[in-house]
Amino acid sequence: MSRPHTHSPGTDPRDIVITVAAPGGVDQLRVTPRDPQAPGAGEVRLRHQAIGVNFVDTYHRRGLYPLAGGVPGVEGVGVIEALGKGVAGLAVGQRVAYAGTAGGYASTRLLPADRALPLPDAVSSRDAAASLLRGLTTQMLLTATHAVGADTVLLVSAAAGGLGIMVTCWARQLGARVIGTTSTAEKAALARHHGADAVIIGRDADVAAEVASLTGGRGVDYAIDGVGGDALPRFIAATRAGGTVASIGQAGGPVPVEAADGLARDRGVTFTRPSILARLADIGIYHVAATEVLAQLARGLTADIGGSYPLAEAAQAHAALEAGRTTGALLLPP
């Protein structure tokens, strides 16, 4: 009988998993001891070195998106410590990253082997855990959703956040002009540091009027809104006829889809809601896009790491993220 190929690191009494007891607030996150699990056929077991925190984790916790298995976290980096039957091309002791597969808030986790991405030596574990999903999202937004180039004027929400910084830096590489939005002057300074050409400050700012002033009345070609709520109509109003608006989150409240559709039609704007998790479910797209993103990371394009919390304090990380008290990307070191 074939057994998994394993490394025997010894069970660490500090090994834990974070589960969602029921949809709701941060008080629904539970910290539970868990021994490492034996990988099944086609799986590997990772011991995490760094775990990324993303807004989708808060949506999973709140029940806005389904969460299979009850463990949030869709991005991380770890060292393989066990191989399941039939796994080829990977080795115990190898450092790999993954994105798009829930179950990451744990000291160790099982991962389908075809989701494991060997990391180049030039990319640190922290940078990869903070940047891979954001890089994949950026690659989707700037290529598949709307082809961004030197003639593009781009509007980016939360431009001092982990995704906003990544989008800004990558779009500037492509020659685009980037206008960001932030809630405070301090965050605006960070957005400018990472390449934003102009920043609109304040949650209640008249985005359409300020964009009109910055673009000679034309509006932006492409707007990316990760805030939702009442921010989305402002982004649509700031977009020129024939432009595109991508809604990719609802940190500021539910997305008013019907109203947004109507406003976009009235303005002659294309309104779209691309899903990075749905896109990454296609294993072919996942590997092609990840190859491009890892090459970008190896060249130094990474999300700014704004802070880290011990894995056991995931609830505090969620609270800070949802309250807008963070900049850049957050990590959970196990």
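Which residues are buried in α10?

## Helix α10

This is a predicted model. In α10, the buried residues are Ala314, Ala315, Ala317, His318, Ala320 and Leu321. An α-helix has 3.6 residues a turn, so residues three or four places apart point the same way.

What do the buried residues of α10 pack against? Their partners are the strands β2 (16-20), β3 (29-33), β4 and β16 (329-332), together with α1. After α10 comes Gly324. The phi of Gly324 is positive, near 75 degrees.

Packing is one link between α10 and α1. Arg61 and Glu322 join through their side chains, with 3.1 Å from N to O. Arg61 belongs to helix α1 (residues 55-62) and Glu322 to helix α10 (residues 314-322), so this pair ties together parts 261 residues apart in sequence.

Glu322 also forms a salt bridge with Arg62. Here the closest N and O atoms are 3.8 Å apart. Glu322 is in α10 and Arg62 is in α1, so the pair ties together parts that are 260 residues apart in sequence.

Are these side chains buried or partly exposed? Arg61 counts as buried, at 2% relative accessibility. The cut-off for buried is under 20%. Glu322 is partly exposed at 30%. Arg62 is partly exposed too, with a relative accessible area of 33%.

Which residue forms a salt bridge with Arg47? The partner is Glu81, and the closest N and O atoms lie 3.0 Å apart. Arg47 sits in strand β4 (residues 43-53), while Glu81 sits in strand β5 (residues 75-83), so the pair ties together parts 34 residues apart in sequence. Glu81 has a relative accessibility of 4% and counts as buried.

Arg47 and Glu81 belong to a network of salt bridges. Asp15 and Arg45 are linked in that network as well. Strand β4, which holds Arg47, is also one of the elements that the buried residues of α10 pack against.

## Whole structure

How many salt bridges does a search of the whole structure find? The total is ten. Among them are Arg47 with Glu81, Arg61 with Glu322, and Arg62 with Glu322.

Key: Residues numbered from 1 in each chain as written. Predicted model: local features only at pLDDT ≥ 70, side-chain atom pairs only at ≥ 80, totals over all residues. Heavy atoms only, no water. Salt bridge = Lys/Arg side-chain N within 4 Å of Asp/Glu carboxyl O. Helix = DSSP H or I, 4+ residues; strand = E, 2+ residues; numbered from the N terminus. Buried < 20%, exposed > 50% of the residue type's maximum accessible area, 1.4 Å probe, protein only. Contact = heavy atoms within 4.5 Å.
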